[in-house]
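Try each task first, then follow the solution step by step.

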Amino acid sequence: MRRRYAAGALMLLAACVLLGSVALRKLIPQETAVTRVQAVLAELDSQPQEPEEITAPADAIYESPIDFQDLWEMNPDIYAWLQIPGMGVSHPVLQREGDDSYYLRRDSRGESSRAGSIFSESKYNGRDFTDPVTILYGHCMRSGEMFGTLQEVYSGEGGMEEYSEIVVYLPDQELHYQVFAAVPYSKKHVLYYHDFNDPEVFQAFLDKEVLSVRSINAAIDQEAEVSVTDRLLILSTCLKGDNQQRYLVVAKQLQNKE
């Protein structure tokens, strides 16, 4: 009888070990795919500098520091990587075709998460950042995760000067942006209510809804030169202290020199 109990216990233990090892194999690659990229970028990261025009030889072949193949094996919805050098904002960017709220409460592994992910909406933006305005959404977490530090940093004294650069890594190129405004905004859906292919609409948005904002939480680079020919990147999150408003960090893409 004791032998039977012992054999049963051993079988149960073996089953637990097997199930645990399967779960671990699934979990480890998914965790390290993101953390490996964050470690690589942390090594490349230095003190924030004033963004400059990017010069590259015409025949240069771009080699991304991001292992996108590793990330795609984890989740094919990952299509870019967002970094604000020096700030600690370094996250994959996701987009779920046909379900724009999918990553609102799911992490980059597609698992349930209060912090969600950084994501764009397939209904309004492609994955190549060539739209006149691309918006990336992220929660303002109290822990500072995702976009939790944006308002504190950019609304603070000197924040925009210190963290003026945003970098977007794609498989075949990296895009550099210069932040020129960080402002409170209504909960109105920016891309739904504005056709940014219309220069007049684009200019009105800049003049009336971004550059003219006066608020204790607003920071605007008055010397920045911005026009409707620029491609904009907007980071959108909740405004702390007022759940009826958003907080937008607005940046323009810097063009490569030919």
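**Exercise 1.** Decide whether Cys 140 is buried or exposed, and find how many disulfides the structure holds.

*Solution.* Start with the cut-offs: buried means under 20% relative accessible area, exposed over 50%, and partly exposed in between (1.4 Å probe, protein chains only). Cys 140 has 19% relative accessibility, so it counts as buried. Before going on, note that this is a predicted model, in which local features need pLDDT of at least 70 and side-chain atom pairs count only at pLDDT 80 or more, while totals for chains, interfaces and linings use all residues. Residues are numbered from 1 along each chain as its sequence is written, and side-chain values use heavy atoms, leaving out hydrogens and water.

Next, count the bonds. A disulfide is a pair of cysteine sulfur atoms within 2.5 Å, and the structure holds 0 of them. For Cys 140, the nearest cysteine sulfur belongs to Cys 238, 6.7 Å away. That is too far for a bond. Cys 238 itself is partly exposed, at 35% relative accessibility.

**Exercise 2.** Which residues does Gln 151 contact, leaving aside its neighbours within four places in sequence?

*Solution.* First place the residue: Gln 151 is found in helix α3 (residues 150-154). Helices (H or I, at least four residues) and strands (E, at least two) are DSSP runs, numbered from the N terminus. With 7% relative accessibility, Gln 151 counts as buried.

Then list the contacts, where contact means heavy atoms within 4.5 Å. Gln 151 is in contact with Gly 156, Asn 217, Cys 238, Leu 239, Lys 240 and Tyr 247, neighbours within four places in sequence left aside.

**Exercise 3.** How many residues does the largest nonpolar core have?

*Solution.* A nonpolar core is a set of buried Ala, Val, Leu, Ile, Met, Phe, Trp, Tyr and Cys residues joined through side-chain atoms within 4.5 Å. The largest has 37 residues, and those with the most contacts inside it include Trp 81, Phe 180 and Leu 232. Apart from it lies another core of 33 residues, among them Met 141, Val 153, Val 179 and Tyr 247.

**Exercise 4.** What kind of aromatic pair do Phe 68 and Trp 72 form?

*Solution.* Rings of Phe, Tyr and Trp (its six-membered ring) pair if their centres lie within 6.5 Å; planes under 30 degrees apart count as stacked, over 60 as edge-to-face and the rest as tilted. The count by this rule comes to 8 aromatic pairs. Phe 68 and Trp 72 lie 5.8 Å centre to centre with 35° between the planes, a tilted pair. Both are in helix α2 (residues 68-74), 4 residues apart, about one turn of the helix. Phe 68 is buried at 4% relative accessibility, whereas Trp 72 is partly exposed at 33%.
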